[in-house]
Amino acid sequence: MTVAHASLFGTRAPSAKALGALAVVGVVIAFSLSSTLVKRAHTPGVLVAFWRLTTVSIVWNLYLRATGRRVTMADVRQAFIPGVFFGLNLAIFFAGATKNSVANAALIGSLAPFLIVPLGAWLFREHINPRALMFALVAFVGLTIVLFSAPANGDASLQGNVFGVLAMLLWTGYVTTTRHFRRDMDVGVFMATISPIAAVAVLPLAITNGDVFGMSGTGWKYMLMLMLLTGVAAHGLMVFAQRTVQIGTIGITQVIQPPLAFVWSFLLLGERLNGWQLVGMATVLGGLLAFLVMNRPPVVGDTRQQPVAR
């Protein structure tokens, strides 16, 4: 239906900003599902990460060739370090998610901005509001409440929490090195380059785990769902959203991911939070939101430096 026909029937075509906002919603929903889908796979997280990276590498490179382009050795050299960080982050995050509650994994991962923002100020002279650091302390207090209030018979574990912290540190390394090395690479070239690098970085971990091809039918099904949902669709929606939605706004919406991840885990896995954990989650998210708002970057015309999420 054309715009003229839409007006004739008293309706209006959605604006570009409205479509951008819907794309952001899609990104948040897609990434919030990742921890729950990994747990539903009932497969070692390292194997899911390796095959998710391998299949998404094929998809992004086929897309690149369809547009008349291909990855060059210069691209590989430029994206090598971010690619290694990306692969190890995904493998450790997935491995941790299978040994932890979804709420713990999501909340620990959400703390990355408390490291990324100061590093950005130190390395790239980006904006930081020192007064916002108090909200980082508030969030860490909330996380402590969540972690130490977990029920003894739940899915949370010390090993899962350690993996979560390590994944968060690797994610910080990925975002920081992406900011430095990506430069003018568009998302298609960048994803087609870092995904194979990431897969190769994870391969030794997958081999150490055991049978690389030993995933069950359920594991393959959920791996493909993750590949399509987070590896392809979410990144495409992110690129689309950046045309009309400010990077800072997109970043702030990521605060919604942990509680939404918990909703999915409750609906699909039956996980629950007790009263103190709910208080802790609210404290973490409140501190994180205040921190991000106070450090919201200025409006810029170039959005290509936005790091690509999981």
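Residues are numbered from 1 along each chain as its sequence is written, and side-chain values use heavy atoms, with hydrogens and water left out. Because the model is predicted, local features need pLDDT of at least 70 and side-chain atom pairs count only at pLDDT 80 or more, while totals for chains, interfaces and linings use all residues.

Q: How many salt bridges does a search of the whole structure find?
A: A salt bridge here is a side-chain nitrogen of Lys or Arg within 4 Å of a carboxyl oxygen of Asp or Glu. With that criterion, the search of the whole structure gives a count of 3.

Q: How many residues apart in sequence are the parts that Lys39 and Asp155 tie together?
A: Lys39 forms a salt bridge with Asp155, and their closest N and O atoms are 3.0 Å apart. Helices (H or I, at least four residues) are DSSP runs, numbered from the N terminus. Lys39 lies in helix α3 (residues 34-40) and Asp155 in the loop between α8 (133-148) and α9, so the separation in sequence is 116 residues.

Q: Is Lys39 buried or exposed?
A: Buried means under 20% relative accessible area, exposed over 50%, and partly exposed in between (1.4 Å probe, protein chains only). Asp155, at 43% relative accessibility, counts as partly exposed. Lys39 has a relative accessible area of 12%, so its class is buried.

Q: How far apart are the closest N and O atoms of Glu271 and Lys39?
A: Both Glu271 and Lys39 are buried. The two residues form a salt bridge, and the distance between the closest N and O atoms is 2.6 Å.

Q: In which loop does Glu271 lie?
A: Lys39, the partner of Glu271, is in helix α3, so the pair ties together parts that are 232 residues apart in sequence. Glu271 itself lies in the loop between α13 (257-269) and α14 (275-294).

Q: Which residues are linked in a network of salt bridges?
A: Lys39 forms a salt bridge with Asp155. Glu271 also forms a salt bridge with Lys39. The linked residues are therefore Lys39, Asp155 and Glu271.

Q: With which residue does Asp186 form a salt bridge?
A: Asp186 is in the loop between α9 and α10 (187-209), and its partner is in the loop between α4 (45-66) and α5 (73-97), 117 residues apart. Asp186 is partly exposed, with a relative accessible area of 29%. The closest N and O atoms are 2.6 Å apart, and the partner is Arg69.

Q: What volume does the second largest pocket have?
A: On a 1 Å grid over the protein atoms alone, a pocket is an open set of points where a 1.4 Å probe fits, with protein on both sides within 12 Å along at least five of seven lines; lining residues have an atom within 4 Å of a point. A volume is the space filled by probe spheres set on the points. For the second largest pocket it is about 200 Å³.

Q: Which residues that line the second largest pocket are the closest to its centre?
A: The lining has 14 residues. By class, it holds 5 nonpolar, 6 polar and 3 charged residues, where Ala, Val, Leu, Ile, Met, Phe, Trp, Tyr, Cys and Pro count as nonpolar, Asp, Glu, Lys and Arg as charged, and the others, Gly among them, as polar. The closest to the centre are Pro151, Gly154, Asp155, Glu271 and Arg272.

Q: Which helix gives the most to the nonpolar patch?
A: Patches are made of residues with over 30% relative accessible area and no salt bridge, nonpolar side chains being joined within 5 Å; accessible areas come from the Shrake-Rupley method with a 1.4 Å probe. The patch of about 300 Å² is made by Leu115, Val165, Leu166 and Leu169. With 3 residues, the helix that gives the most is α9 (residues 158-181).

Q: What phi does His42 have?
A: His42 is in the loop between α3 and α4. At 66% relative accessibility, His42 counts as exposed. Although His42 is not a glycine, its phi is positive, at about 50 degrees.

Q: What distance separates the C-alpha atoms of Gln277 and Val146?
A: Gln277 is in helix α14 and, at 2% relative accessibility, counts as buried. Gln277 and Val146 are 131 residues apart along the chain, and their C-alpha separation is 4.4 Å.

Conventions
Patch = residues over 30% accessible without salt bridge, like charges linked within 9 Å, V, L, I, M, F, W, Y side chains within 5 Å. Helix = DSSP H or I, 4+ residues; strand = E, 2+ residues; numbered from the N terminus.
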